[in-house]
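The exercises below ask you to read a structure step by step, moving from the whole chain to single residues. Try each task before you read the solution that follows it.

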Amino acid sequence: MKKASQAEVLKAAMQYQDTLLAYAYGMLRDWAQAEDVVQDAYVVAMEKWRDFTPGTSVYAWVKTIV
């Protein structure tokens, strides 16, 4: 199976930004903190994009990071 590029992984992950924000807010009950957590999760995803396994759920992977 072809390995995904960093751009492909991040583009796929970014489509879930609103859903991840709602998920983080549900845990934290603070919008500012939730936004920070999601932003930090995307930084981690940028650093660890090689760990993503193509064919699996990008959403589940980033949600785990959140």
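**Exercise 1.** Find what share of the contacts in the chain between residues at least 6 apart in sequence join residues at least 24 apart.

Solution. Begin with the term itself: a contact means heavy atoms within 4.5 Å. Among the contacts in the chain between residues at least 6 apart in sequence, 61% join residues at least 24 apart. Keep in mind that this is a predicted model, in which local features need pLDDT of at least 70 and side-chain atom pairs count only at pLDDT 80 or more, while totals for chains, interfaces and linings use all residues. Residues are numbered from 1 along each chain as its sequence is written, and side-chain values use heavy atoms, with hydrogens and water left out.

**Exercise 2.** Describe the secondary structure of the chain and explain how its radius of gyration compares with the globule rule.

**Exercise 3.** Classify the aromatic pair of Tyr 25 and Trp 31, and then that of Phe 52 and Trp 61.

Solution. Rings of Phe, Tyr and Trp (its six-membered ring) pair if their centres lie within 6.5 Å, and planes under 30 degrees apart count as stacked, over 60 as edge-to-face and the rest as tilted. The structure holds three such pairs. Tyr 25 and Trp 31 lie 4.0 Å apart, centre to centre, with 10° between the planes, and the pair is stacked. For Phe 52 and Trp 61 the centres are 5.5 Å apart and the planes stand at 55°, so this pair is tilted. As for accessibility (buried is under 20% relative accessible area, exposed over 50%, partly exposed in between, with a 1.4 Å probe and protein chains only), Phe 52 and Trp 61 are both buried, whereas Tyr 25 is partly exposed at 24% and Trp 31 is partly exposed at 46%.

**Exercise 4.** Locate Tyr 59 and list its contacts beyond four places in sequence.

Solution. Tyr 59 belongs to helix H4, residues 58-65, and is partly exposed at 22% relative accessibility. Beyond its neighbours within four places in sequence, Tyr 59 is in contact with Tyr 16, Thr 19 and Leu 20.

How values were computed
Helices (H or I, at least four residues) and strands (E, at least two) are DSSP runs, numbered from the N terminus. The radius of gyration is taken over C-alpha atoms; the globule rule is 2.2 Å times the number of residues to the power 0.38.
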